[in-house]
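I'd like to walk you through some charged side chains, so let me put the structure up.

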Amino acid sequence: MSFRSQIVLTVFLVLGLIDLKAQFVSQKGWFEVSVSEGCPAGGCSGNVVSGCAPLTINVAMTALSPFDCFNPPGTSTCDFDYFGDGGTLPTVSVITYDDPGQFRFEILFGMESDEITVNVRPSDPPDFSIFSCAGGEIQVSIEDNQYQNYLVNFGDGSPEVIRPFGSANAQHTYTDNTPRTVSVRGVNDNAADNCAATQKVVTPLASLPASRFDSLVSIDDNSLALYYDLRPNILHRLEIEAGNVSYRDFGPLDADAEADTLQLQQVEDVSYCFRIVSIDPCSGNEIISNEICNTLFEIEFLDGVNELSWQNNGDAPSFSYSRLTTSDNTILTRPNLTGNTFDDTDIDCEQEYCYTLTASYADNSISRSVEVCGTSFNTTPPAAVNNLSVSIQEETGVALEWPVNVNESVSNYSISKGLTASSLTSIINVESSPFVDQDPGSSERSICYQIAPQDECENTNRNGVVACSIFLTGTILADNTVTLNWNAYEGWDQGVTQYRIEKAYLSADAPDASSTTPQFQEVEDNGAEQVIIYRIQAIPSDNTLPPIFSNSLILTKPNNIYFPNAFTPNGDGNNDTFSVNGRFLVSYDLRIFNRWGEEVFNSTNPEIGWNGTREGKPLPLGAYAFKVDMVDQAGQEITEAGTVLLLRN
C-alpha cells in the first residue's frame, strides 16, 4: 500500500492565521502549517514540520499568498501534492501522515508553487528505569538516546518535568505509598509533542528491602548461572569475591533480571562468592544481600568406591548429592551429608556415574556444583556361591537355585556341569537364579553343577561349591523287603538336617519316613498295592534355603501268574475249575477252545473259572486250548496260552 493510500484526509477549513507558537512557514511564505498535537512549552517553528507517526498537520493560507486556496469555501483554485512526487489529490486543510518518512508538501498556484518539508519519525517509546529511594522518593533514569528532550510525568498530578538528553536523573518525592504510574515520552526541538510514552508502575517505599539470591548453578569450568529474587525498582549491583581477593564490583543488575550466566575461569577449581548490593541513589546508602558461593566438587573413582570431596566458602550447613547412572538414567539422591567427604560404595562395576553436589543455605538458597562424571571399577570378585540347591524335576530336568546377593553387582552367572566334580564344563551363562537345565537323563544318574558369579568388571569367582543331584536307587525282594540308597547331598555349607523319604502308591499316598543317612530299608507289606514310588527330599539346616528332591524311583512287586495243566470238575471242591491266577490284576480275559477252534468258555473275572461245561452241559474229556490276556497294576500286559486237560474221576 502506498503512502498516498494510507494518508488520512480530513476537510477542515481554516480561516485566518494559525497560532504562532506552533507555526511552520513554507519556503516562500505563501502558506503556514501547525501540528494538531501541539508543541511543548515554548512552542515550535521553522521550515520543517517534525513529529512522530501518525502526524496530523493543519494548513492555512497567509495574507501574502497570491491565491487563497480555500476561498470561496468549497472551491479550490490550487493543486496539493502531499508527497512531492508530482501527483495531486483533493485540496484539504488537515492532513495525517501515518507512516514514517520525509515528504515534500507542495501547493501549486497555477504555474507557481510553494513547499514545506514534513519529517515524520517512528513513534518509539523511550527506555527508562525507576529507582526507589527511602522516604517515598524515586529517581527516573532515562536510558534512551532517540530524542533531544524527555518529558517525565510522575502520575500524582504534579507538573511534568522536561529532561534534555544526557541530563541528570529526574527525582521526585511522593507523600504516601500509593502505587503510581510514571510515564516518559520523547520530543525533539521544534517538533510536535505526539510521540508514544512508556509507562511503569512504582510503589513508593518508606525503606529499601534487601534482595537475595535463589540459587547458584555451576554449569561448566567456564561459566555459572545466578538466579535472583530482586525487588522491583531498586538499583542493584553485583559484587564478586574470587579466591582470596576481597569483594569487588562486578557490574549493575537489571532490575527485571531473574538470572544471569557469568563467564568465569576455572569454576571447578576457584571459589567464587557473590552478593547483591541494593543502593539508595538518593542517599547513597547500601543494603547487602545474602552471600552465595560456588561449590568445589571432586570425585576419585577408586577400586570399589567413588570418593566424593567438596569445599564451599559460604555458610552452608548441609549438603546433598544427586547421582545419575547413565546406563539406565536412574537418579539417586542422598541428603544430609556431613563433613566434606563421602564414600559411595553402593555402585555397580563398569558403570558411568554423574554426580552433582548441592549446598543448602539457612535462607533456603542453594548452590549446585558442576556435574562430575566417571566410570566405576572393582578388582574384587563377587562372593562364591556356596549354597546351591540342585533338585530333580521329572518333567523339565534339573532345577538350580542359589541365593542372590542384592548388594553385589553381578552381571551373570556361569554354570558348569559334569557327571563328577572333576569333569565340569561350562554350559551356559545366566543373569540370575533360578535356572532349569533341561537334561532328559536327569532321572537316570547324578549330575553335578557349579555356579561362578561374574561382575561387570569381569571379575569371576570359580571357588563355589560343587553340588550333585541326589540319585535314588533301590530294590525289592520276593519277601517285599525294600532297600533304598542315594548319594549324600553336599551343596549347602551348613549341610543337611535330614532326608525325608516320600512314598506313594499309584492310587493312594503313603506315610513318609525320614533318615539322617543316605540309606533306608523297610518291608512293604501292603498286599493291595503292586507299585511303590519313592522320592528323597533333602532338608537344609539353613532354613532360608529351599529343600531339594531326588529322582522318583518306582519299585514293582511280582504279579505271580500261575495256572494248572489239568482239572477235575467232580464237585469234590478240589480243582473243580480252571482259571489263570495272579496278584494285582486290573484286567483279565480268559477264553477256552475245543479241538475244532470253537470257543466254549469266556471269563473276564479271575474268580470265575471254567467248570468243564458248555451252556450247562458237560463236555467230553480231553485237551482244550486256552488263551488269557491280563494287565497288572504296574501296567504290564501279560498273555498266556496253552492246553488244559479236562479229567473226571
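**Charges on the surface and inside**

Let's start with E258, which is exposed at a relative accessible area of 63%. Exposed here means over 50%, buried means under 20%, and partly exposed is in between, with a 1.4 Å probe and protein chains only as cover. Keep in mind that this is a predicted model: local features need pLDDT of at least 70, side-chain atom pairs count only at pLDDT 80 or more, and totals for chains, interfaces and linings use all residues. Residues are numbered from 1 along each chain as its sequence is written, and side-chain values use heavy atoms, with hydrogens and water left out.

So where does E258 sit? You'll find E258 in the loop that runs between β21 (248-253) and β22 (259-263); strands are DSSP runs of E, at least two residues, numbered from the N terminus. E258 also belongs to a negative surface patch, together with D127, E143, D254 and D256. For a patch like this, residues need over 30% relative accessible area and no salt bridge, and like charges are joined within 9 Å. Asp and Glu count as negative, with the charge placed at CG of Asp or CD of Glu.

Now for the paired charges. Side chains of opposite charge can pair when their charged atoms come close. I'm calling it a salt bridge when a side-chain nitrogen of Lys or Arg is within 4 Å of a carboxyl oxygen of Asp or Glu. By that rule the count is 18 salt bridges.

Take D344 and R323: their closest N and O atoms are 2.8 Å apart. D344 is in strand β30 (residues 341-344) and R323 in strand β28 (residues 318-325), so this pair ties together parts 21 residues apart in sequence. Buried or exposed, what is D344? It's buried, at 0% relative accessibility, and R323 is buried as well, at 8%.

D193 and R185 make another salt bridge, at 2.9 Å between the closest N and O atoms. D193 is buried at 17%, and R185 is buried at 16%.

Then there's D214 with R212, where the closest N and O atoms are 2.7 Å apart. D214 is partly exposed, at 33%.

Last stop is S215, in strand β18 (residues 212-220). S215 is buried, at 13%. Leaving out neighbours within four places in sequence, S215 contacts A225, L226, Y227, I292 and I366, a contact being heavy atoms within 4.5 Å.

Notes. Patch = residues over 30% accessible without salt bridge, like charges linked within 9 Å, V, L, I, M, F, W, Y side chains within 5 Å. Areas by Shrake-Rupley, 256 points an atom, 1.4 Å probe, with all protein chains shown as cover. Helix = DSSP H or I, 4+ residues; strand = E, 2+ residues; numbered from the N terminus.
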